Amino acid sequence: MMEKAIFGAGCFWGVEAVFCEVKGVISVMVGYSGGTLKNPTYKDGCSSHTGHAEVVEIEYTPSKVTYDELLGVFWKIHNPTTKNRQGPDVGTQYRSVIFYTTPEQESVAIASKNRLEKSGILENPIVTEISAANKFFKAEEYHQQYFKKHGISHCRIS
């Protein structure tokens with residue numbers, strides 16, 4: 001049995017690359033979610049006027065990797081304390097966001113966020129949005145597995 005998770009943690013290329021390496025993850029697709037425009041394009045999303053975030057939709061096998069474990073990866077690969085910014089990427093499309101697909105995912109996401117906040121690891125408060133998933137729009141094909149297609153191993157944030 002497969003489930004889906006939807007996360008936004010900045011530029012979707014790097015997020016996709018990381019989650020593709022997680023055991024139990026079956027597939028990762030980059031796209032847009034959280035906005036009002038139907039069938040947004042990359043150009044639409046870059047305008048910051050659609051409300052969409054760059055996200056990944058992850059299909060996974062819960063018996064091999066739990067949602068909570070996926071959240072652990074999510075928290076580690078970006079800075080959840082910066083609003084609408086990850087590294088050099090700035091705009092609402094780069095916001096930190098968890099789109100839950102079930103009430104159980106919502107509960108697990110909130111608990112995970114609370115544990116991280118209480119841990120004292122982060123110097124600033126978490127600004128990650130936790131919202132019900134709405135329509136996921138697959139990004140253009142040239143964005144899918146972008147790093148793999150271009151021989152890039154990781155993000156180069158300066």
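This report walks through the sheet and the helices packed around it in a predicted model.

## Before you start

The model is predicted, so local features need pLDDT of at least 70 and side-chain atom pairs count only at pLDDT 80 or more, while totals for chains, interfaces and linings use all residues. Residues are numbered from 1 along each chain as its sequence is written, and side-chain values use heavy atoms, leaving out hydrogens and water.

## The sheet

Let's begin with the strands. Six of them make an open sheet with mixed pairing, in the order E7-E6-E1-E3-E2-E8. Strands (E, at least two residues) and helices (H or I, at least four) are DSSP runs numbered from the N terminus, and two strands pair if DSSP finds at least two bridges between them.

At the edges sit E7 (129-132) and E8 (137-138), each pairing on one side only. E8 joins E2 (residues 25-33) in the antiparallel sense over two bridges; Tyr-32 has Phe-137 in E8 as its bridge partner.

## Helices on the sheet

Helix H1 (residues 12-20) packs on the sheet, touching E1 (3-9), E2 and E3 (53-60), and its direction makes about 165° with that of E2. Helix H3 lies across E1, E2, E3 and E6 (96-100), at about 15° to E1. Contact means heavy atoms within 4.5 Å; axes are lines fitted to C-alpha atoms, for helices over the stretch in contact, with angles from 0 to 180 degrees between N-to-C directions.

## Where H3 meets H4

The axes of H3 (residues 67-76) and H4 (residues 103-119) come within 10 Å and cross at roughly 45°. Tyr-67 and Trp-75 of H3 are among the residues making the contact, as are Val-108 and Leu-116 of H4.
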